[in-house]
Amino acid sequence: MAKKKQKKRHPHSRPPGPGTPKSAAGKKSPKEAPAGAKDRRANKEAARIARERARKAQARRGATRRAMYASVIGLVAFAVFTFFTRADTVKDLPQAAINAAKSAGCTTDETPADDAPGG
């Protein structure tokens, strides 16, 4: 298998000497930071805030979408349940049925009262 090409390493600044404390070697104090570093920090912070806002907005849109799906499904289920369990209203018998019953010798027709259960 071929070797992967390695990245060239650029020589760093000269390592600190034996008398230099490690914390001060190669580091600048915040007061000595270049002016661009402050802008960079501010830009990074602004970018982080923008990413956080975008993430929260996406989460809100997802929650709204799920709530809408649940609402529509619940509404359809309620409509189907109501349609299949509704009670028909009391209807008068057609005159043809009354005449057929009389000709067959049946007794008078009985219609449930208006205040009967289910009517």
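Is R61 buried, partly exposed or exposed? R61 is partly exposed, with a relative accessible area of 49%, where buried means under 20% relative accessible area, exposed means over 50% and partly exposed lies in between (1.4 Å probe, protein chains only). This is a predicted model, in which local features need pLDDT of at least 70 and side-chain atom pairs count only at pLDDT 80 or more, while totals for chains, interfaces and linings use all residues. Residues are numbered from 1 along each chain as its sequence is written, and side-chain values use heavy atoms, with hydrogens and water left out.

**Overall make-up**

- The chain contains two helices and zero strands, these being DSSP runs numbered from the N terminus (helices: H or I, at least four residues; strands: E, at least two).
- Of the 119 residues in the chain, 3% are buried.
- The chain exposes about 12000 Å², of which carbon and sulfur atoms supply 59%; accessible areas come from the Shrake-Rupley method with a 1.4 Å probe, and for residues only the protein chains shown count as cover.

- Side chains of opposite charge can pair when their charged atoms come close.
- A search of the whole structure finds two salt bridges, a salt bridge being a side-chain nitrogen of Lys or Arg within 4 Å of a carboxyl oxygen of Asp or Glu.
- In one of them, E45 pairs with R48, and the closest N and O atoms are 2.5 Å apart; both residues lie in helix 1, three residues apart, which is about one turn of the helix.
- E45 is partly exposed at a relative accessible area of 37%, and R48 is also partly exposed, at 39%.
- E52 and R55 form a salt bridge as well, at 2.5 Å from N to O, and because they are three residues apart in helix 1, about one helical turn separates them.
- E52 counts as partly exposed, with 31% relative accessibility.

**Surface patches**

- Patches are made of residues with over 30% relative accessible area and no salt bridge, with like charges joined within 9 Å and nonpolar side chains (Val, Leu, Ile, Met, Phe, Trp, Tyr) within 5 Å.
- K56, R60, R61, R65 and R66 gather in a surface patch of positive charge, and R61 lies in helix 1; Lys and Arg count as positive and Asp and Glu as negative, while His and the chain ends are not counted, and the place of a charge is taken as NZ of Lys, CZ of Arg, CG of Asp or CD of Glu.
- V72, V76, V80, F83 and F84 make a nonpolar surface patch of about 510 Å².
- V72 belongs to helix 1, which covers residues 35-85, and V72 is partly exposed at 47% relative accessible area.

**Aromatic pair**

- The structure holds one aromatic pair, formed edge-to-face by F83 and F84, with 5.3 Å centre to centre and 75° between the planes.
- Rings of Phe, Tyr and Trp (its six-membered ring) pair if their centres lie within 6.5 Å, and planes under 30 degrees apart count as stacked, over 60 as edge-to-face and the rest as tilted.
- F84 is exposed, with a relative accessible area of 64%.
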